[in-house]
Amino acid sequence: MKRLLFLVCTVMIGTIILACSFTTISSSECWVTAYYLFGSNSIKNYLVPVKILVDPGLSREDLVYLVFEMIKYPPCKSLYSVIPEELSLLGIEFNGELVTMNFTAQIEEIGGLGIAGAFIDQLTWSVLEIEGLEKIAFKVEGKLVSDITSEGIFVEGGIPKNLKTVEIVPFSKVSQSK
């Protein structure tokens, strides 16, 4: 009986210590979400979120650059990106909850309404997952571009995430195998 009580107390104390250490570890972790496209046809494609652990000491600007570069390179063959590998960021500006991304002129080479819409969705959803960012605007070579959502709707003051028109599916082994 004493041995059982000792084991139960040891397990409880170990669990408390372990839980406290996980709380400490998890509060210092920094996760970002990169959205990739999944789908085999041009009619219906889905955004798939992939969480990635990053250095918690990165600035908000560094996180935007990091996410932008990450979404160019999907983690597996079943996911893809419409962000051209050659596309570069010239700079990033913050104004409260608005982030403005300044691209090189290569952004103008993204063609077709479907591809342009997927580009806006993939970039908007990925960047706006960063804490404190609610809207995104684009510049090309320093000139502000009209804020048009992937659905062709003009919005003023930056593009917010639009939860009603984009379908998000969880990343899983099932989506990898399709």
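**Nonpolar core, salt bridges and a negative patch**

In the largest nonpolar core, which has 42 residues, the members that touch the most others are V99, M101, F103, F119, L123, V127 and I136. Such a core is a set of buried Ala, Val, Leu, Ile, Met, Phe, Trp, Tyr and Cys residues joined through side-chain atoms within 4.5 Å. At least two residues of this core are supplied by each of β1 (30-38), β2 (46-54), α2, β3, β4 (98-103), α3 (113-127) and β5 (135-140). Strand β1 gives the largest share, seven residues.

The structure is a predicted model, in which local features need pLDDT of at least 70 and side-chain atom pairs count only at pLDDT 80 or more, while totals for chains, interfaces and linings use all residues. Residues are numbered from 1 along each chain as its sequence is written, and side-chain values use heavy atoms, with hydrogens and water left out.

The protein chain contains four helices and seven strands, taken as DSSP runs numbered from the N terminus (helices: H or I, at least four residues; strands: E, at least two). Read from the N terminus, the order of elements is α-β-β-α-β-β-α-β-β-β-α. Of the 178 residues of the chain, 37% count as buried; buried means under 20% relative accessible area, exposed over 50%, and partly exposed in between (1.4 Å probe, protein chains only).

Two salt bridges were counted, each defined as a side-chain nitrogen of Lys or Arg within 4 Å of a carboxyl oxygen of Asp or Glu. In the pair of E93 and K139, the closest N and O atoms are 3.0 Å apart. This pair links distant parts of the chain, since E93 belongs to strand β3 and K139 to strand β5, 46 residues apart. E93 is partly exposed at 41% relative accessible area, whereas K139 is buried at 16%. The other bridge joins E69 and K72, with the closest N and O atoms 3.2 Å apart. Here E69 is partly exposed at 35%, and K72 is buried at 6%.

A negative surface patch is made up of E85, E86, E108, E109 and E141. Patches consist of residues with over 30% relative accessible area and no salt bridge, like charges being joined within 9 Å and nonpolar side chains (Val, Leu, Ile, Met, Phe, Trp, Tyr) within 5 Å. E86 lies in the loop between α2 (60-70) and β3 (89-95) and is exposed, at 53% relative accessible area. E141 occupies the loop between β5 and β6 (143-144) and is partly exposed at 47%. The phi angle of E141 is near 50 degrees, a positive value in a residue other than glycine.

Key. Areas by Shrake-Rupley, 256 points an atom, 1.4 Å probe, with all protein chains shown as cover. Lys, Arg positive; Asp, Glu negative; His and termini not counted. Charge placed at Lys NZ, Arg CZ, Asp CG, Glu CD.
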